[in-house]
Amino acid sequence: MAVVKRTFDVVVVGAGGAGMRAALALSEAGLKVAVLSKVFPTRSHTVAAQGGIAASLGNVSEDNWHWHMYDTVKGSDYLGDQDAIEFMCRAAPEVVYELEHFGMPFDRTDSGKIYQRPFGGHMQDYGKNPVQRACAAADRTGHALLHTLYQRNVQANTNFFVEWMALDLIRDQDGDVLGVVAMEIETSEVMILQARATLFATGGAGRIFQASTNAYINTGDGLGMAARAGIPLEDMEFFQFHPTGVHGAGVLITEGVRGEGGYLINKDGERFMSRYAPNAKDLASRDVVSRAMATEIKEGRGCGKDADHVLLKLDHLGEDVISHRLPGIREIAIKFAHVDPAKDPIPVVPTAHYMMGGIPTNYHGQVVAPYDGGPEEIVQGFYAVGECACVSVHGANRLGCNSLLDLIVFGREAARQIIEDLKSNPHPKQLPSDAADRSLSRLARLEGQKNGESVSEVGAAMRRVMQAHCGVFRFPDLLAEGVRKIYEVAERAKCTEIKDKSKVFNTARVEALELDNLIEVAQATMTAAAARQESRGGHARDDFPDRDDDNWLKHSLYFSEGRHLDYKPVRLKPLTVETFPLKTRVY
Amino acid sequence: MKEMERLSWRCRRGLLELDIVLGRFVERDYAGLDEMQKAAFNALLDMPDTVLWDMIAGRQDASEGEQQALLEKIRAV
Ligand SMILES: Cc1cc2nc3c(=O)[nH]c(=O)nc-3n(C[C@H](O)[C@H](O)[C@H](O)COP(=O)(O)OP(=O)(O)OC[C@H]3O[C@@H](n4cnc5c(N)ncnc54)[C@H](O)[C@@H]3O)c2cc1C
């Protein structure tokens, strides 16, 4: 089958904050840029971000990038690469002012400067007092960011391929990346997009878990494509769980509820956080609260007929506080938990929220992998930014508001690097004759599958296994069993069948292709979690409760082929300052 | 029936809240809508996620009668 081919200077897969920031710089430099997105760009998951973007502007309280860097290194539980963290924190004020110039409607102080609010983990003077570092646009920072960047991209003549799904990476025998194979969702038409540079900005993979705050589009496509093309995935054992997702739905209940005096209770009505964190109680950090909740449930003190959740009580705050200081919470509780929080507590569970791991890159956004000699060799022509990438600035645990910053800083930097790299690489490399084969055979397999597995059943099985065996708290027996079970689910995913073979907006086909990606991520996460014998940041082992820097201060690399793991050192040396020495992470 | 396929893809959003509510609505109620209501639903789907969610949550009303009536139905899902 002959596949249509189009050629661009750069193909960007993903039109969230990361992809659009990069695309803007690339188009403005005069390059011919294609941006692919499964959904309309401003409906990318970045739209969900409310809290803000961290930057040490010092507009409200005294601040500087050294303090921000310290918080980020500490927050990462020392697994973050300190060169990348320095790069990000130093660039933060500049990239935020750039967004301001692009027209992003930030909240203002009385004197007209960008207003900044406090946010968990962001401190003054190397961890001493809370600082106001988050720049926000009301409670819709992500929405404002996407709209601003989309408008600018349209002006800069970026070519958007809306409702196009990238299926696979094209890599030649030298290991160089030459573009992607993609499918138009409306028609199921397949096309080769050839490019001198390919940038992935496909976002997270929170949908591998049953309880997830992520929208349905977050299926880790970039990671699946990279893994199938032989690129390793870094630090996949590290997921951040938010303590209060609505049980059964995942929808996030903001930390503000506990800030206003709401608290968690178990089936006996006990305010259990007093036992785990006598001082901070319900306001302890996300990982501490999530682990306490998981312990209550595991020890049989969960609520409901399956004893599988706890309750968030706020009726004592009164209707006034609930409707005025916590707007939107009541609607969410009524709609998704079928309770009115002014009368009854909200059932909640720790819910997968953010993926710290991803496609390994250096701080220029270039994908690096151990092939050709060293552990961090550049994969020619391939770049990644945003939640799908592992730079690694978040290490084992991400600080709130540092993700949007990551998108903008490294989106811009990857574009700069691509512009430079393309100068010495003026012509597209010859495509291998089998460029589209992997995608075409995946599609043909799906088309011809008889007596196969249902996509939704296999997907549900995957999410159940991940939730039960690789959640907030990880137990040795459950992990070992989880590895076996997830490999079994992966076998089933190889023979999914779709009943509807039509071409027009075939959602069933798209979901089958997404499952191929989810299952790569799920296997990486389970395998890496079972292997890491310590607790650090988002990875908490019951049998190894402490951080073990002697043996585990290293990044994991998962290879899909043979499902094997390798490790590489953490980059402890910043660019210009001294290394932040290892300390126990206490707040 | 391709109309349904197209719609169900367009109900894939950036906010999980909308994924859930719109998905349920399309599955249960869309087939029973008349042409005017279907057109109104399509117009709602073109709105930005945050605005659409505010409308469904009842914090904002639609500008137009047909949409408002439809919103009431979606809110009831
Ligand atoms: C509820 C919630 C609130 C949050 N609040 C904050 C906050 O206040 N501050 C903060 O810093 N972070 C926050 N985060 C985290 C942050 O929003 C995300 O990490 C970030 O937005 C991810 O951006 P991205 O550009 O990497 O990807 P996304 O915005 O997820 O975009 C991914 C893009 O890739 C496209 N895509 C994916 N696969 C394919 C494919 N196969 N083919 C074509 N296109 C594809 C999608 O269509 C989309 O355009 C929050 C997260 C959640 C869930």
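**Ground rules**

I took helices (DSSP H or I, at least four residues) and strands (DSSP E, at least two) as runs numbered from the N terminus. I worked on a predicted model, in which local features need pLDDT of at least 70, side-chain atom pairs count only at pLDDT 80 or more, and totals for chains, interfaces and linings use all residues. Residues are numbered from 1 along each chain as its sequence is written, chains are lettered from A and ligands numbered from 1 in the order in which they are written, and side-chain values use heavy atoms, with hydrogens and water left out.

**Entry 1: chain A as a whole**

I looked up the secondary structure and found 16 helices and 24 strands in chain A. The C-alpha trace spans about 65 × 60 × 50 Å along its principal axes.

For burial I used relative accessible area: under 20% is buried, over 50% exposed, and in between partly exposed (1.4 Å probe, protein chains only). In chain A, 63% of the 587 residues count as buried. Contacts mean heavy atoms within 4.5 Å. Among the contacts in chain A between residues at least 6 apart in sequence, 72% join residues at least 24 apart.

**Entry 2: chain B as a whole**

Chain B has 5 helices and 0 strands, so I could note its order from the N terminus simply as α-α-α-α-α. Its C-alpha trace spans about 35 × 25 × 20 Å along the principal axes. The radius of gyration of chain B is 11 Å, in agreement with the value near 11 Å for a compact globule of 77 residues. Buried residues make up 55% of those 77. Of the contacts in chain B with a separation of 6 or more, 57% are between residues 24 or more positions apart.

**Entry 3: where the chains meet**

I wanted the extent of the contact next. The size of an interface is often given as the accessible area lost when the parts come together. Here buried area is the accessible area (1.4 Å probe) that two parts lose on being put together, summed over both. Between chain A and chain B that area is about 2,800 Å², of which carbon and sulfur atoms give 57%. A:R43, A:Y216 and A:K335 supply 26% of the area that chain A buries against chain B, more than any other three residues. The contact takes 37 residues from chain A and 30 residues from chain B.

**Entry 4: helix α10 of chain A**

A:K335 came up again here: in helix α10 (residues 329-337) of chain A, the buried residues are A:I329, A:I332, A:A333, A:K335, A:F336 and A:A337. I asked myself what covers the buried residues of α10(A). The cover includes β11 (239-246), α6 (256-259) and β14 (346-355) of chain A, together with α2 (16-29), α4 (49-56) and α5 (65-75) of chain B. Just after α10(A), A:H338 takes a positive phi of about 55 degrees.

A reminder to myself: most residues other than glycine have a negative phi, and most peptide bonds are trans.

- A:D235 sits in the loop between β10 (233-234) and β11 of chain A. Its phi is near 50 degrees, a positive value in a residue other than glycine. A:D235 is buried, with a relative accessible area of 0%.
- A:F505 is in the loop between β21 (496-497) and α15 (507-531) of chain A. A:F505 has a positive phi of about 40 degrees although it is not a glycine, and its relative accessible area of 2% makes it buried.
- The peptide bond from A:V391 to A:S392 is cis, with omega near 5 degrees. A:S392 belongs to the loop between β18 (389-390) and α11 (402-423) of chain A.

**Entry 5: two buried spots**

I found A:A182 in strand β8 (residues 177-184) of chain A, buried with a relative accessible area of 0%. Leaving out residues up to four places away in sequence, A:A182 touches several residues, among them A:L36, A:W164 and A:M191.

A:T42 lies in the loop between β2 (33-37) and β3 (53-54) of chain A. A:T42 is buried too, at a relative accessible area of 9%.

How values were computed: Rg over C-alpha atoms; globule rule 2.2 N^0.38 Å.
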